[in-house]
Amino acid sequence: METTMDNEKRLLTTREMTLIAMFAAVITVCSFIRIPLGSIPFTMQTFAVFTVIGILGIKRGVITVVLYELLGLVGLPVFGGKGGLSVITGPTGGYITGFILSVLIAGSIIKYVNVNGIWFKRIVMFIALLLGDAACFIIGTFQFMQVSGNTLNTSMKFCVTPFIIPDIVKMILAIVIIERIKPFTDNIFSK
Amino acid sequence: MKDITIGQYYPADSILHRLDPRVKLFGTLIMLISLFVSNNFLNYILITVVLITLIKLSKVPFKMLMRGLKGIIIILLISVIFTMFLTPGSTLIKVGFIKITRYGLKKACYLAIRLVYLVISTSIMTLTTTPNDLADGLEKSFSLLSKVGVPVHEMAMMMSIALRFIPILMEETEKITMAQKARGARFDDGNIIKKAKSMVPILVPLFMSAIRRALDLADAMEARCYNGGKGRTKMKPLKYSKKDYSAYVLILVYFVAIIALSFIIGRTEELEILMVRR
């Protein structure tokens, strides 16, 4: 009997599929973890995206983020308790869509910039996440302006400036977590 | 976190509920496009009529549709106020340095309508379709992409997996948090740095737990002879019926009307705006 496994190269292995699905679920859970800081609520959503970049890499990371957005699209409340297509197409949806570009940019830098020494690696990862986050802000702010009709100044004031420092803290936290978990996942993917 | 309702589906027996999810996905896409190409009064009247009809057909309570607007209220206010005050044109009302122009007022109204209708129209889709049906609809809708290397089946499978693991990981996070609190961890004290540090004992176990579950699931799937999308059958396949084809026709008729109104009447309004500015 002929089996499809013999003659067909699969786009994703079963193990990759389950890991990607699980990490999409983790992003969802993190988007519910809320840290009260003054009047603006911050969640661990961007932290989870940063961690996915470091652990899963470019290809699997992009698929994870796309999957996360598809979950929201079908109505699951995965965007910090909200969901549905209206969030993605709404004024703040660009920041979620921008995660894809974040993964592409940060993942590429981490992958192709090779340095020796633990601290150099940390610095490269930090810069990579910083640039990825900036790209996310650009897309997010652009969509915010388009949909809500606000000017660039207004959009920056409400959607970018308050989130810069918390995002930097999340990057550092993500780097800490990545360093602890990555040896385990590298072992998995090399099997 | 414990009482989170997964999905926004509102169960009812209505025409919209029984429609194929692919039709609803396509219809919502057309509605979104029409909202962004619309630029005049008649367009918005047509959209309003269509939305009201859809709401009645869906049997979803109006209150549930309004719930989706809650998250958008602040942005709505900011947008409307700034647009009203900052748009140049002939003055309608002037108080001190504050000036409201006729064009600004009109633009603000259009903006508000567009934002509200955006939320309502997309909410109708998620309220009348289960997440699983939507996932099926997405897989079918994008099936052509699999010919160019996009992992369409794999995406659908991963959606199903993530769907049922979100509640499990939520529960896991809750347990980890309580276990760490029992050992003296404090999550609400200190500045942003301390709060970030206190997250580590929750996040590392959460990630490791997720990874272990993923590995166990992969082994279980392969033990049950899963080896990719090719050659698989479907337990509940999607099938079009007569009303689905009728719905497609109605959607296209609506879209043609929107485009026609945009180009015919929109042109007139543009001229009007130019004259005002001059």
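**Exercise 1. How far apart do the end C-alpha atoms of residues 163-181 of chain A lie, and how much of the span is helix?**

Before we start: this is a predicted model, where local features need pLDDT of at least 70, side-chain atom pairs count only at pLDDT 80 or more, and totals for chains, interfaces and linings use all residues. Residues are numbered from 1 along each chain as its sequence is written, chains are lettered from A and ligands numbered from 1 in the order written, and side-chain values use heavy atoms, leaving out hydrogens and water.

Solution. 
- Step 1: the ends of 163-181 of chain A are 26 Å apart, and the span is 95% helix and 0% strand. Helices here are DSSP runs (H or I, at least four residues), strands too (E, at least two), numbered from the N terminus.

**Exercise 2. Describe how α3(A) packs on α8(A).**

Solution. 
- Step 1: two packed helices are described by the angle between their axes and the distance between the axes.
- Step 2: for α3 (residues 45-73) and α8 (residues 164-189) of chain A, the angle is about 35 degrees and the axes are 7 Å apart. Axes are lines fitted to C-alpha atoms over the stretch in contact, and angles run from 0 to 180 degrees between N-to-C directions.
- Step 3: the crossing of α3(A) and α8(A) is right-handed, meaning the near helix is turned clockwise from the far one by less than a right angle.
- Step 4: look for the contacts (heavy atoms within 4.5 Å). On the α3(A) side they include A:Phe47, A:Phe50 and A:Arg60; on the α8(A) side, A:Asp167, A:Ile177 and A:Phe189 are among them.
- Step 5: sorted by class, this contact has eleven nonpolar, four polar and four charged residues.

**Exercise 3. Is A:Glu69 buried or exposed?**

Solution. 
- Step 1: find A:Glu69 in helix α3 of chain A.
- Step 2: its relative accessible area is 9%, so A:Glu69 is buried (under 20%; exposed is over 50%, partly exposed in between, with a 1.4 Å probe and protein chains only).
- Step 3: leaving out residues up to four places away in sequence, A:Glu69 touches A:Phe79, A:Ile88, A:Ile96, A:Thr97 and A:Ile100.

**Exercise 4. How many helices and strands are in chain B?**

Solution. 
- Step 1: count ten helices and two strands.
- Step 2: of its 278 residues, 43% are buried.

Notes
Ala, Val, Leu, Ile, Met, Phe, Trp, Tyr, Cys and Pro count as nonpolar, Asp, Glu, Lys and Arg as charged, and the others, Gly among them, as polar.
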